[in-house]
Amino acid sequence: MRINVLSKGLFSLIIDKGRVGKQREGFCESGPMDSNAYDWANFLAFNLDGTPCIEAIGEMQIRVDEDCVIAVTGREPSLDIDGIAQAVYQSQKVSAGATITFKSALLGSKAYLAICGNWQVPKAVGSACTVVREQLGGLDGKGCVLKDGDCIEVLANTRVKDNAKMRTLAQQHRDDYGFIESIRVIPGYQFTSFSTVAVRTFETSTYTVSSSIDRMGFRLTGESVASDIENMRSEAIHLGAIQVPGDGQPIVMMRDRQTLGGYPKLGCVSPCDISRLAQAVPGEKVNFVFQDEEEARADWLLMTSRRRRLQGEIL
């Protein structure tokens, strides 16, 4: 099956699980900004975990030349097939020759399109994930974003029968992408180098997502916080690490972050909340609250257990 890109949107990439474990070799982790939406898209499209899909900002339009099954997820996503609105977070059968249009309602948020099958895209350092900065992945293997006229080949998945039960994730089980609830943060290595006043300031202040956001990191603006550390050796940076440079304005490190950094870190955004933060757009307000690592671990286990249970019920 051939997938033809008719309109690329603002910024669309082929992504998969990313280059897990490759930071020690100098490659960024990469992967989906919103891993929850990515995982659900593949599950609803009858794909195996880690199958490539498209992460799109803005409205993207493609055409398929064979019958297939797709799913669209993300923050307030929408899906049209041949101009007719269709349900999201649900398996959708698409006929050969159909035009598929999908997007997120919020400009800057990401929508995910999974198409059932074995994606025939090249891998670099064990992943098809596109990293523009490192010139890795994508259709050309050199980190190029998708463009109008591109063609992706997908081999049909014979495991999905014509009479297969379509999968749906009910509205009440989908992620809440609002920011009424604070973003949870686990204290980091340099936490004690921030004064009690600085920590309290960070936890009681409201920060604005700035326009300086990308797959590398989200810069926030608000009350300044400072560390006692003037110089430190560079160290590995985890997904969600909150670095504080000299101006005191926090930066949350995201999927395409550099492998090393030398700024002190207040902590790390909980893996339960990083997908929610990754879908924020400039101008949105966020708050943070600290939690210890055992509480964070319990939250993560509960979240993953709930997902497995939901998937079992859907099957």
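**Pockets, a sheet and a salt bridge**

Good morning. I begin with the lining of the largest pocket, whose residues divide into 10 nonpolar, 9 polar and 13 charged. Please keep in mind throughout that this is a predicted model.

The volume of this largest pocket is about 710 Å³. Its lining comprises 32 residues, and those nearest the centre are Lys17, Ser35, Asp39, Trp300 and Arg307. Two elements give two or more residues to this lining, namely helix 1, residues 35-44, and helix 4, residues 293-314. Which of the elements gives the most to the lining of the largest pocket? That is helix 4, with 5 residues.

I turn now to the second largest pocket, which has a volume of about 410 Å³. Here 20 residues form the lining, with Asp175, Asp176, Arg184, Cys272 and Met303 nearest the centre. Helix 1, helix 3 (274-278) and helix 4 each give two or more residues to the lining of this second pocket. Helix 4 again gives the most, with 5 residues. By class, the lining of the second largest pocket holds 6 nonpolar, 5 polar and 9 charged residues.

As a general point, the strands of a sheet pair through backbone hydrogen bonds, in either a parallel or an antiparallel sense. In this model there is an open sheet of 8 strands with mixed pairing, and its order is 21-14-15-18-17-20-13-22. Why is one side of strand 21 and of strand 22 left without a neighbour in the sheet? Strand 21 (285-286) and strand 22 (288-290) stand at the edges and each has a single partner strand, so one side of each is left without a neighbour there.

Within this order, strand 17, residues 241-243, pairs with strand 18, residues 251-253, in the antiparallel sense over 2 bridges. Ile242 has Val252 of strand 18 as its bridge partner.

Helix 2, residues 196-204, lies across strand 13 (183-187), strand 14 (207-213), strand 17, strand 20 (265-269) and strand 22. Relative to strand 22, helix 2 runs at about 130°.

Finally, I come to the salt bridges, of which the count is 16.

Thank you for your attention.

Conventions:
Residues are numbered from 1 along each chain as its sequence is written. This is a predicted model: local features need pLDDT of at least 70, side-chain atom pairs count only at pLDDT 80 or more; totals for chains, interfaces and linings use all residues. Side-chain values use heavy atoms; hydrogens and water are left out. On a 1 Å grid over the protein atoms alone, a cavity is a set of points where a 1.4 Å probe fits but cannot get out, and a pocket is an open set with protein on both sides within 12 Å along at least five of seven lines; lining residues have an atom within 4 Å of a point. Grid points are joined across faces, edges and corners, and a volume is the space filled by probe spheres set on the points. Helices (H or I, at least four residues) and strands (E, at least two) are DSSP runs, numbered from the N terminus. Ala, Val, Leu, Ile, Met, Phe, Trp, Tyr, Cys and Pro count as nonpolar, Asp, Glu, Lys and Arg as charged, and the others, Gly among them, as polar. Two strands pair if DSSP finds at least two bridges between them. Contact means heavy atoms within 4.5 Å. Axes are lines fitted to C-alpha atoms, for helices over the stretch in contact, and angles run from 0 to 180 degrees between N-to-C directions. A salt bridge is a side-chain nitrogen of Lys or Arg within 4 Å of a carboxyl oxygen of Asp or Glu.
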